[in-house]
Amino acid sequence: MINVINDLEVRALEKISQAKNVNELNETKAEFLGKKSPVSEIMGKMREFSVEQKKEIGGRVNQFKVAVEAAVLKRLEEIKEEEVNKKLASEEIDVTLPGKKFSKGSLHVLTKTIEELEDIFIGMGYQIAEGPEVEEDLYNFEMMNLPKDHPARDMQDTFYITETNLMRTHTSPVQARVMLEAKGKPIKVVCPGKVYRRDNDDATHSHQFMQIEGLVVDTNITMADLKGALTQVFSKILGENTKVRFRPSYFPFTEPSVEVDVTCFKCGGKGCPLCKGNGWIEVLGAGMVHPNVLRMAGYDPLKYQGFAFGIGIERITMLKYGIDDIRNFYTNDPRFIKQF
Ligand code: FA5
C-alpha cells in the first residue's frame, strides 16, 4: 500500500508541475485529493487494516496530502508569475519604432495676409482695434455721414437683421467707435475683420469678404501722408516694383476720396478677363476723413484732420499669390488650402 501511495505521489507531483493554468491545476488537485481520489479510496478501506498498518498508512497519506498541497501552492504562484510576464511581454513597447504621423493644420492664406499686414502697420506705429460684425445702423451708416435717406447707401446693399441692426458692410464703423473711445485724442489704428454685402459672387467679388480699415487722426495730417503710408505698405507686401494708382473717387465719409488700384498680376497691366480688360485691380478705398465724421465723433475739424482707408484683404492676397478666383478662399478645397 505504501508503494501505491509513493507511486501516486510521484504521478501527482509530476502532473501538478505540468499544469498550464489555474483550471488545469484545480482539476489535478481534485484528481489526487478529491472525494473520488485514490487516497480517499484508501482511507475508506482503513477498517480492513490492522492497527499497525492503519498508523503507517494513515501517516503516509497525511504526508502525501501535505506534499500535494504544497506542490499545488508552489505551481499556483508560478502560474501567476507566468501570466504577469506574458501580459508584460504583450504590452512591451518598442521605442525605436517610427511614430504615427498626424497631419498638421496650417494658417489660412487670408489669415497669413492679415498677420503680415498687421506686422507692417505695427512697424509703422499703428495699433490694432476691433469692432462687431453685427453692427448698428448708427455706426455703419449714420456716423459715416450716410443718413437714412442718403443715396450712397445703395452702393452697399446690406444684410439687415432688424431695422437698426445689420451685418456690417465695411470696416469703417470701427472708425466711429475708435474715435468716440479716444475722446478727442490723436489716433493711429488699423482694424481687420469680416464684412458682408449682397454682392453677386464672381472671380473678384464675394458676398462675405475681409477688409482692414486704417484711421489716422491728428493735427496737420494731409493727403500726402495717406499716399506715403499706402505706397510704403504696398511696396512691403507686394514688392518694391508694384505699381500703385490713386484714382479720384467718392465716399460720403471722406473728402477728397480716392480708390487705389494695383497692376493686375495675371496680365501685368495689358488687360485680361480677371481685371475686366483694364490692366488694374482695385484694392482699396481711401480719403481724408470728412469734417462731418470728425464732428459727429467729437473732434473739431478745424483743429484735427485725418485720413482713412479700407483695404480688401482677398484682393491683396490674390495679387500676392497669383490667385485668379476669390471663391477659392471660401470653398475649402484642401488642394487649394494646402498650397500655402
Ligand atoms: C469701402 O468699403 C470703404 N469703406 C473703404 C473706405 C474706407 C474708403 C475708409 C474711405 C475711407 P469699397 O466698397 O470700395 O469701400 O471697398 C473697399 C475694398 O474692399 C475694395 O477696394 C475691394 O478691394 C474690396 N471689396 C469691395 N467689395 C468687394 C467684394 N464684393 N468682394 C471682395 N472684395 C471687395
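Visitor: Which side chain meets that of E78 in a salt bridge?

Guide: In this predicted model, a salt bridge requires a Lys or Arg nitrogen within 4 Å of a carboxyl oxygen of Asp or Glu. The N to O distance of the pair in question is 3.6 Å. The partner of E78 is K74.

Visitor: How many salt bridges does a search of the whole structure find?

Guide: Side chains of opposite charge can pair when their charged atoms come close. The pair E78 and K74 meets in this way. Over the whole structure, the number of salt bridges found is 16.

Visitor: Where does the ligand sit, and how much of its accessible area does the protein cover?

Guide: The ligand is placed in the largest pocket. Ligand oxygen atoms lie 2.8 Å from an N or O atom in the R197 side chain and 3.0 Å from one in the Q211 side chain. Of the 670 Å² of accessible area that the ligand has on its own, the protein covers 96%.

Visitor: Which strand gives the most residues to the shell around the ligand?

Guide: The shell has 27 residues, with H170, S172, R197, D199 and E282 the closest. By class, nine are nonpolar, 12 polar and six charged. At least two residues each come from β5 (208–218), β7 (254–263), β8 (280–289) and β9 (305–312). The strand that gives the most, with five residues, is β8.

Visitor: Is the peptide bond from E255 to P256 cis or trans?

Guide: P256 is part of strand β7. Most peptide bonds are trans. The bond from E255 to P256, however, has an omega near -5°, and is cis.

Visitor: What is the phi of N145?

Guide: Most residues other than glycine have a negative phi. N145, in the loop between α6 (137–140) and β3 (165–167), is not a glycine, yet its phi is positive, at about 70°.

How values were computed:
Residues are numbered from 1 along each chain as its sequence is written. This is a predicted model: local features need pLDDT of at least 70, side-chain atom pairs count only at pLDDT 80 or more; totals for chains, interfaces and linings use all residues. Side-chain values use heavy atoms; hydrogens and water are left out. A residue is near a molecule or strand if one of its heavy atoms lies within 4 Å of it. A polar contact is a pair of N or O atoms within 3.5 Å; within protein, one must be able to donate a hydrogen and the other to accept it, and residues adjacent in sequence count only if both atoms are side-chain atoms. Accessible areas come from the Shrake-Rupley method with a 1.4 Å probe; for residues, only the protein chains shown count as cover. On a 1 Å grid over the protein atoms alone, a cavity is a set of points where a 1.4 Å probe fits but cannot get out, and a pocket is an open set with protein on both sides within 12 Å along at least five of seven lines; lining residues have an atom within 4 Å of a point. A molecule sits in a cavity or pocket if more than half of its atoms lie within 2 Å of its grid points. Helices (H or I, at least four residues) and strands (E, at least two) are DSSP runs, numbered from the N terminus. Ala, Val, Leu, Ile, Met, Phe, Trp, Tyr, Cys and Pro count as nonpolar, Asp, Glu, Lys and Arg as charged, and the others, Gly among them, as polar.
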